[in-house]
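Notebook open, model loaded. I'll jot down what I look up as I go, starting with the overall fold and ending with the rings.

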Amino acid sequence: MSAVPPARAGDGFAGKVAVLIAVLATIGTLFGYLGSGMQNEASLYKSNAAIDKTSSANAWNHYQAKSNKQNLAELALAIPGVDQARFGLDAARYRLEKEEIRKEAERFEASSNDWNLKSEQALHRHRQWMLASVVQQIAISLAAVALLARRTWLLTATCAVATFGLTLGVFAAMRADPMPMMVAPFAAAGGAVLLLGLAQRFRPR
């Protein structure tokens, strides 16, 4: 019986690839689910930001109304014959009320900014999860091609791409930005290729 060429798989290859595809599909589905959850969170945060922004605008309108009343009261103080005590008290009261309203408007503005920041962070994580999911889908496609072509080097490429996607998923789970450390996913993929190569080289024949 002739030996199987090194480039081609031996017995059990189809079963191994089938298991690998099932695992990758599960991981990709999990990444997609987590990405969808982040998108929903981002939408909720954005909605909260819009609500607080509206409340802030209403508060500033109220502030402006109090300012107008204060100006009228102070203007009345310059008119001879009016009740100076009454309009003086009104002007002081409007000044105090206006200060409270200003603090409330600024509080709503700060809250709106915080919600917007949380929304941007959630969208960023959503993109990370979806990128990891897409990479896993690519790995599944490579595994299918490897199964049809029965080439071990394609299976090695599949494992490298899958490792790359897993590393992206780890970055998303850690809430870390992969861009400054993009070498890490590539290094993980390269390490996977190296380990598979060593395993194939030193496996019993």
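With that, residues 24 or more positions apart account for 80% of the contacts in the chain with a separation of 6 or more.

Ground rules next. I'm working on a predicted model, where local features need pLDDT of at least 70 and side-chain atom pairs count only at pLDDT 80 or more, while totals for chains, interfaces and linings use all residues. Residues are numbered from 1 along each chain as its sequence is written, and side-chain values use heavy atoms, with hydrogens and water left out.

**Confidence.** I looked up pLDDT, the predictor's confidence in each residue, from 0 to 100. The chain averages 82, and 80% of the residues score at least 70. Residues 1-10 fall below 50, and I found 12 contacts for that stretch beyond near neighbours in sequence. Where pLDDT is low, the predicted coordinates should not be read in detail.

**Elements.** I took helices (H or I, at least four residues) and strands (E, at least two) as DSSP runs, numbered from the N terminus. The chain has four helices and zero strands, so the order reads α-α-α-α from the N terminus on.

**Surface.** Accessible areas come from the Shrake-Rupley method with a 1.4 Å probe, and for residues only the protein chains shown count as cover. I get about 12700 Å² for the chain, with 65% of that belonging to carbon and sulfur atoms. Buried means under 20% relative accessible area, exposed over 50%, and partly exposed in between (1.4 Å probe, protein chains only). On that scale 31% of the 205 residues are buried.

**Cores.** I define a nonpolar core as a set of buried Ala, Val, Leu, Ile, Met, Phe, Trp, Tyr and Cys residues joined through side-chain atoms within 4.5 Å. The largest one has 10 residues, including Phe-13, Leu-24, Ile-140 and Cys-159. Helix 1, helix 2 (84-149) and helix 3 (152-173) each supply at least two of its residues, and helix 1 gives the most, four. Val-17 touches Ala-143, Leu-147 and Leu-155, leaving aside residues up to four places away in sequence. I also noted a second, separate core of nine residues, with Phe-31, Met-38, Val-135 and Ala-172 among them.

**Rings.** Which rings pair up? Rings of Phe, Tyr and Trp (its six-membered ring) pair if their centres lie within 6.5 Å; planes under 30 degrees apart count as stacked, over 60 as edge-to-face and the rest as tilted. I count three aromatic pairs in the structure. Phe-31 and Trp-129 make a tilted one, 5.5 Å centre to centre with 40° between the planes. Phe-31 is in helix 1 and Trp-129 in helix 2, so this pair ties together parts 98 residues apart in sequence. Phe-31 is buried at 6% relative accessibility, and Trp-129 is buried with a relative accessible area of 6%.

Trp-60 and Tyr-63 form an edge-to-face pair, 5.3 Å centre to centre and 80° between the planes. Both lie in helix 1, three residues apart, about one turn of the helix. Trp-60 is partly exposed, at 27% relative accessibility.

I checked Gln-121 in helix 2: partly exposed, at 47% relative accessibility. Its C-alpha is separated by 9.9 Å from that of Glu-41, 80 residues apart along the chain.

Notes:
Contact = heavy atoms within 4.5 Å.
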